[in-house]
Amino acid sequence: MLSDADVDNKIPTQGLRYADASDSEYYILLTKDKKPICRTRCLNPPEHLPHHWNVNDIVPTSKIILDGMSHCFLSPAPECSRDHNEWRRFLIYLQGRDMVAIAKFKFWEFYILPPDQTSNFTNIRVAYKMEKTRNASNGRGHGESGRSCQVVRPTATKANINDSPTLPVNIVKETVSRGNACIQARVSDTSEDNFSPVLKFSPVVGDRLSSESTIETCSRPEPRAVKQAGPLEKNFVRADPSYLQTLGQAHSGWIFGAIAELVDNSRDAKATKLLLSIYFGRLEISIESIYFKKAGKDIPMLSIIDDGHGMTHQDVVRMTYFGHKQPDADDPNRIGRFGVGFKTGAMRLGKDALVLTQTADSRSIAFLSQSLNQGKDNLEIPIVSYYRKGQFMELDTVVQSEATAKYNLKSIKEFSPFNKYLIGEKAGLFQDKCTGTQIYIWNLDQWGSNYCLEWDNGLNGGSSFHQGDILIRSRRIRSRPGQISQKVPLDYSLRSYLEVIFLVPRMKIYVQGSLVRSRPLAKSLNKTCVETGIIMGKSAHLTLGRCQLEWEQMNCGIFLYWHGRLIEAYKRVGGMIHNGDTGRGVIGVIDVSDLMDEGNGLVWVHNNKQGFLDCEPYARLEEWLGKVADEYWDNKFDSLNVVKDGALYKPDQEWVQCNKCRKWRMLDPGFDTKSLPVEWFCYMKPFEGLCDLPEQKVDAGVVTVSAKRTGYDSRENSLPFEGIATIKVEDMSSDSIGLSRMAEDSSPLKRIRRGLPRACKKV
């Protein structure tokens, strides 16, 4: 209790309490974006004032209404010259732009006002208010389960001050009554515009002075226990370590889908360096053996290394999140979208994964491990970060304490093959100030007593005859309606899959040390035809043609790309579904990015990016694809009776990719592609040009026709037609074809009928 003398010795304030004169210096740390500005003193602090204010927002003064707010004052209390300078810079910014800095808490809002032009930045006025909590009836009437809480405004007298101790509202938790126990409220300030309620309980909960209250709302008081006031409690989700294994099941149907997730991240790592949609990057995928001390033997370890931008500490932390907010708009230059690709991909490939990433100014190590978290109640992901200091990397104690970094490093060394020497060796791959990300995965997924993946280093010397590859051990073919072929290398060969994974391949991808020669499907077809249609108000462009290789393997179908990345391959549509021979060798290529975009940030793509959701746009697309594919087959092939054995069809155009500029160059008709070196450049034959020259493009409806496939000896196979001609298709549905001679020999022109040589016609 306070005596009259005690009351007279108090200094009244406009806040929520009476402050002693000894409390006039209350220290507060002021920060912006969690970065310190300056330590300050609050000269007349309200009760339960936070010791740490983080500026959440800075807005113009005109947008703030300060009427009725209480005020206190901040003065600088710098601990060093840096604090003093930052304090002045902060206030000069507010003063020059007439802005207000806002710091928000659970129940508080503080508005740091800009200083006057004549101010010396010593005493800065701060307006504040306390939000009303759910201490009132929450909008409920008295008749709602007998629960109510009302605010009483008593007259401010010394008797009010001498009342029993009360609980300030900013620390009182809402009490939920299961019976008819009631709550009453009193206030300690007489101001009508600025009062702050303090909860006081009725007799049913033991308040001895509650009889002084003028309002009683209990109808059936029942004694009940009341939880003491404390800090606001929030319920956060706990992630059990077994969830890592659950994440890996997103790619349980096809393990190459997990590798594709990591390839997508590497491609996105240089999305800001896209120039005219051209991506220049290098990605290396390999499996090698490494000694693991904990296992006491050599174990295989999958590595995926790129030369992208790398990730900062904040990016690495965000990477470990189990999903993140999806963007409001669809970015066509990025594939990653859902925030789960790294976790689902890595945990499908193996039980443990380590990420080593470097930017121009930092380096970070992250460890996602099932072995480390085995037997634990919550998921732990150690992260250690460094910052660049000259030519060296120093421990970054701004984002982590030294003790935390040492603990995390110890965990990494204990549960992984990475000791300080191996970490240093891998970090050396970045060289100088190079950037990039390295992902290492071990304890690989098993297939019986062996591993699910098997790998072959190929022949030494860069031979193109037998190159290294990573294969699925089972060699199983993915199930597709209507498929009868058992030769689909894309389903079990990583090299074959990466050849067609991108619609416009630019990135250099190496598998087991040898370069993957990309195969742009739309540029490798015979009797090419481009169909355009409108599906639900959006345009769709489908490229159809016949592929000799797929005809030999009895494959056909549509390749569907989204953001330039392959989502579905060999999708049979129309008559292809019901007849294994219908459409044999016919391949279609289409990018459905626009069609699968809902327009509000939602896309109709599975989060594992191996299929599309069951939606109306996809159903309409299937219907249109089936109709167009059937018409193409009927007009181009079904009416012909080809009986010539061993007839081979060359693509309409043949292309080669420069190993430096990554541009595609069209080869001269009749050029033997087998004579090309493994690494070809623009200055070589037959292009003999500069990398600065733009890519060639074929006019719509113009194709190049040849009777022989490149490297095919017509003399050995008795094909008399060897001429080359360029034809312009005037009407795809009629027999009228306009020809433009491009060869000196005019004999082939007499033998072309509906685009086929006479030797391939039925005699």
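Leaving aside its neighbours within four places in sequence, which residues is Arg495 in contact with? Select Arg495 together with Gln467, Gly468, Asp469, Val511, Ser514, Leu515 and Val516, which are its contacts beyond those neighbours (contact: heavy atoms within 4.5 Å).

The model is predicted: local features need pLDDT of at least 70, side-chain atom pairs count only at pLDDT 80 or more, and totals for chains, interfaces and linings use all residues. Residues are numbered from 1 along each chain as its sequence is written, and side-chain values use heavy atoms, with hydrogens and water left out.

**Stop 1: Arg495**

Arg495 belongs to helix H10, residues 494-499 (helices are DSSP runs of H or I with at least four residues, strands are E runs of at least two, and both are numbered from the N terminus). Arg495 is buried but has no salt bridge, and Asp469, the nearest side chain of opposite charge, is 4.7 Å away. Buried means under 20% relative accessible area, exposed over 50% and partly exposed in between, with a 1.4 Å probe and protein chains only. A salt bridge requires a side-chain nitrogen of Lys or Arg within 4 Å of a carboxyl oxygen of Asp or Glu; Lys and Arg count as positive, Asp and Glu as negative, and His and the chain ends are not counted. Now display Ser514, whose side chain makes a polar contact of 2.3 Å with that of Arg495 (N or O atoms within 3.5 Å, one able to donate a hydrogen and the other to accept it within protein; residues adjacent in sequence count only if both atoms are side-chain atoms).

**Stop 2: helix H9**

Next, select residues 420-427, helix H9, in which Leu422, Ile423, Lys426 and Ala427 are buried. These residues cover an arc of only 135 degrees around the axis, which puts them on the same side of H9 (the arc is that of the directions from the helix axis to the C-beta atoms). Lys420, Tyr421 and Glu425 are exposed on the other side.

**Stop 3: aromatic rings**

The structure holds 15 aromatic pairs (rings of Phe, Tyr and Trp, the last by its six-membered ring, with centres within 6.5 Å; planes under 30 degrees apart are stacked, over 60 edge-to-face and the rest tilted). Select Trp108 and Tyr128, a tilted pair at 6.0 Å centre to centre with 55 degrees between the planes. Trp108 lies in strand S7 (residues 108-112) and Tyr128 in strand S8 (residues 124-130), so this pair ties together parts 20 residues apart in sequence. Both Trp108 and Tyr128 are buried.
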